[in-house]
Amino acid sequence: MKKHNFSAGPCILPQEVLQKASEAVLNFNNENLSLIEMSHRSTAFVEVIEKARSLALELLGLENKGYKALFLQGGASMQFLMVTYNLLNKKAAYLNTGTWSDKAIKEAKMFGEVVEVATSKDKKFSYIPKGFTIPTDADYFHTTSNNTIYGTQIKDFPDFKGINVCDMSSDIFSRQLDFSKFDLIYAGAQKNMGPAGTTLVIIKEEILGKVEREIPSMLNYQVHLDKDSMFNTPSVFAVYTSMLNLEWLKDLGGIPFIEKVNNKKAALLYSEIDRNPLFKGFANKEDRSNMNVTFNLVDDSLKETFDTMWQDAGINGLNGHRSVGGYRASMYNALPLYSVQVLVDVMQELERKK
Ligand code: PLP
C-alpha cells in the first residue's frame, strides 16, 4: 500500500498522474517511442508544453490578460536571480518571511539597493509581518506566498501599486487568489505541480525591457518568451507530468474545488493540534499555512514513541525541516483527506497511551 506522503517536496502526486507519466516513459502516445527519448521539437511534445502553458494560465484565471507561462529550469532558486536580473534597476522591496525570502534577498543585493520592508526573523519566522510601508519608488515588490519551512502563509497581500512579484512555490494552485494582482509569479514544480526539474514562471510581458544591463540569454525572460519556452531543451518529463497534474486538477473542478478540500484537511489537523494537550502549533494562528502544518510535541520525551507510531501507520515525511525541528505535515493538493485522518488518529492514540 502506498504511504501517506506528507513530504514537503518533492512531494505527493496523484496516483493516476504517476501511472500515465510512467506509461509515457515506455511508450508515449502510442508513438512507439519513450517521451524521454524523442525530440522536444516533435509535434507531440510541442503540443504537451503548449497545453501545460495554457492550462497553467487557465487555472489561475490569467488567460487573455497579457500573461505568458514559461517552463524553465534551475528551480525557484534560479528565479531569485532571474527576477532581479530582469527587473531591478535601482531599488527593490522584499518582505522577509523566511529562509526562501532571505535567499531571494541575497541574490537581489548583488544588483541594487534592497529594502527589506519587514521581517519576522525576531520570532523564528513564525508569523507574517503586517502594517509596513513599501517604498513607492521600488522597481518591484517581492513576497513569498507560503513559507514551506515555517508553515506560514500570506492571507492578505499588501497593496503595492507597482510591479508585484511572488514566489508561490509551495501553494500555487492550492487556493483562490486574484492572481492578476501579480505581474510575475514563479513556482518550482516539485510541490504542487509536478516532479522537480522545471519551474513555472507566469509573467506579464509588459513589465520587461526596463533594465539597462545586458542580460545573459538563459537568464533573460524575453529570450524564453520569444522562443515559446523552447530556447533550450526543456525538462520534458517534468513538463509532461506537470501537464498531467494540471489536467487532473482541471477535471476535478480546478482551484475552487481543491481549495475546499485543502481547507478541510487543514481544519482537521489544526483542530487536533489545538485540542490535543500533547501538541502545540508553531505558526501564529492567523498566519497558519494550509499547505505546510508545523507543530511540536509539548514533551520531547515522547518523540521516540510518536515517531515509531506514525511510521508504523505508513506515514512518510513528517519530520520538520532540519533548521526548525519538530514536525511538518505538508498537505499538497494530491494528499487525500484520509491521510490526514490517519495522522490525527495516531496523535489521538498517543494521547490515550500516555
Ligand atoms: N521557494 C520556496 C517557497 C520553496 O519552498 C523552495 C523549496 O523548497 C524554494 C523556493 C527553492 O526551490 P528550488 O529547490 O526549486 O530551487
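Biologist: Going by relative accessibility, does N64 count as buried or exposed?

Modeller: One thing before we start: this is a predicted model, so local features need pLDDT of at least 70 and side-chain atom pairs count only at pLDDT 80 or more, while totals for chains, interfaces and linings use all residues. Residues are numbered from 1 along each chain as its sequence is written, and side-chain values use heavy atoms, leaving out hydrogens and water.

Now, N64 counts as exposed, at 82% relative accessibility. (Buried means under 20% relative accessible area, exposed over 50%, and partly exposed in between, with a 1.4 Å probe and protein chains only.) You'll find N64 in the loop between α2 and β2 (67–72). Those labels are DSSP runs numbered from the N terminus: helices are H or I with at least four residues, strands are E with at least two. N64 also has a positive phi, about 55 degrees, although it is not a glycine. Most residues other than glycine have a negative phi, and most peptide bonds are trans.

N32 has a positive phi too, near 60 degrees, and it is not a glycine either. It sits in the loop between α1 and α2 (43–59), and it is exposed, with a relative accessible area of 65%. For a cis peptide bond, go to G9 and P10, where omega is about -10 degrees. P10 is in the loop between β1 (4–5) and α1 (15–26).

The C-alpha atoms of E205 and G66 are 6.5 Å apart, though 139 residues separate them in sequence. Not counting residues up to four places away in sequence, E205 touches G66, K68, Q222 and L225; contact here means heavy atoms within 4.5 Å. E205 itself is in the loop between β10 (199–204) and α5 (221–226), and at 27% relative accessibility it is partly exposed.

Leaving aside neighbours within four places in sequence, its contacts are S120, T152, F282, A283 and N284.

That leads us to the domains. The assignment (bounds come from an automatic or database domain assignment) gives domain 1 as 15–252 and domain 2 as 254–353. Their contact takes 29 residues from domain 1 and 26 residues from domain 2. The C-alpha centres of the two domains lie 27 Å apart.

Finally, zoom out. The protein chain has nine helices and 14 strands. Its radius of gyration is 21 Å, close to the 20 Å that the globule rule gives for 354 residues, so the chain is as compact as a globular protein of that length. (That radius is taken over C-alpha atoms, and the rule is 2.2 Å times the number of residues to the power 0.38.) Along its principal axes, the C-alpha trace spans about 65 × 55 × 30 Å. Of the 354 residues, 57% count as buried. And among contacts between residues at least 6 apart in sequence, 66% join residues at least 24 apart.
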